[in-house]
Amino acid sequence: MALYTADTLNFISKLTPRRLLNVAKLFASFYMTKWKNKPVQWGLPMTISFEPTTACNLRCPECPSGLRAFTRPTGNLKEDFFKETIDDIYKELLYLIFYFQGEPYINPKFLDMVKYANNKGIYTITSTNAHFLNDDNARKTIESGLDRLIISVDGTSQETYESYRKEGNLENVLMGARNIIKWKKKLKSKTPHTIFQFLVVKPNEHQIPEIYKLAKEIGIDEVKLKTAQIYDYAGGNPLIPTIDQYSRYKKESDGTYSIKNELLNHCWKLWHACVVTWDGLVVPCCFDKDAIHRLGDLKNAKFSEIWHNENYAHFRSQLLKGRDQIDICKNCTEGCTVWA
């Protein structure tokens with residue numbers, strides 16, 4: 001068995017001395033913060049999520065985009081604005097996530113932006129519901145240099161799939177996946193690393209073994225089982241899995257539900273990553289789906305200024321005092337572990 005996968009080696013190839021130094025600064029400042037219990041921030045984020053669009057073709061029940069429930073404006077990321085921002089931060093930036101809310105392929109310039117980031121030596125990743133992976137888009141995806149492609153496949157039958165992916169068509173998803181694998185072979189490309197992401201909920205948990213078989217049949221590199229974030233969980237919810245290891249929530253003796261993980265008063269994400277909305281707002285993380293905590297606006301300031309501004313320092317200070325006092329942190333099961 002190989003020590004490193006092709007995807008791991010590809011990621012390592014993106015490391016430069018400057019990026020490594022930045023990563024060291026981030027780790028050092030995070031641990032210094034824990035030691036002093038006071039925010040210390042060195043370096044710039046090594047991971048940024050850019051939102052290509054807020055639009056989506058599906059209506060998933062636990063997604064603000066699917067529910068059309070945003071209070072913030074909707075729209076598409078503009079290519080010129082994206083390039084200007086990347087030009088400012090690419091020397092430190094290692095990992096670029098091309099999604100937040102919405103379906104990335106709805107933005108007509110999405111793959112052009114992926115290619116631009118790839119040409120800057122940044123590891124690029126996106127997540128898609130795969131309804132737009134026709135033959136032409138599949139070829140362009142390979143040609144863009146995208147490093148990792150996550151395809152949401154939350155069921156192995158149409159009935160199960162559409163119980164969560166409302167208005168989705170499983171056959172379109174699987175055809176899109178096959179198109180990607182076909183063009184990877186035709187173009188003799190090692191990228192993107194392909195993943196079937198299976199969001200485990202009660203209606204589909206019985207199909208977990210089948211998703212592995214389906215992925216192998218198509219030629220997908222990896223399967224990832226993901227636990228579902230559920231907003232209205234306290235009184236129980238029909239989406240909460242019965243298989244305990246795939247649930248973020250535990251049932252209490254009185255019949256109510258609570259989050260399993262303890263909310264520790266520190267969060268690695270706030271020291272190494274952030275999210276940029278389609279219109280340039282900088283928010284703390286992917287749990288701030290409606291961009292309530294606006295820490296800066298890239299239309300008015302450079303990223304380095306925002307990352308070290310008073311708003312960020314204040315938010316990090318609040319977090320150290322109590323994550324349970326911050327609305328977006330209350331339903332968060334992440335952030336307690338340092339990961340890269």
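A130 sits in the loop between strand 3 (123-128) and helix 5 (135-144). Its phi is positive, about 70°, although A130 is not a glycine. Helices (H or I, at least four residues) and strands (E, at least two) are DSSP runs, numbered from the N terminus.

The model is predicted: local features need pLDDT of at least 70, and side-chain atom pairs count only at pLDDT 80 or more. Residues are numbered from 1 along each chain, and side-chain values use heavy atoms, without hydrogens and water.

N37 also has a positive phi, near 55°. It lies in the loop between helix 2 (17-36) and strand 1 (47-50). Exposed means over 50% relative accessible area, and partly exposed lies between the buried and exposed limits.

| Residue | Relative accessibility | Class |
|---|---|---|
| N37 | 53% | exposed |
| E84 | 58% | exposed |
| C274 | 2% | buried |
| C286 | 29% | partly exposed |

E84 lies in helix 3. The structure holds zero disulfides (pairs of cysteine sulfur atoms within 2.5 Å). C274 is in no disulfide; its nearest cysteine sulfur, that of C285, is 10 Å away. The sulfur of C286 is 5.2 Å from that of C285, its closest cysteine sulfur, and so too far for a bond.

A cis peptide bond joins T191 and P192, with omega about 0°. P192 is in the loop between helix 7 (170-186) and strand 5 (193-200).

Notes:
Buried means under 20% relative accessible area, exposed over 50%, partly exposed in between (1.4 Å probe, protein chains only).
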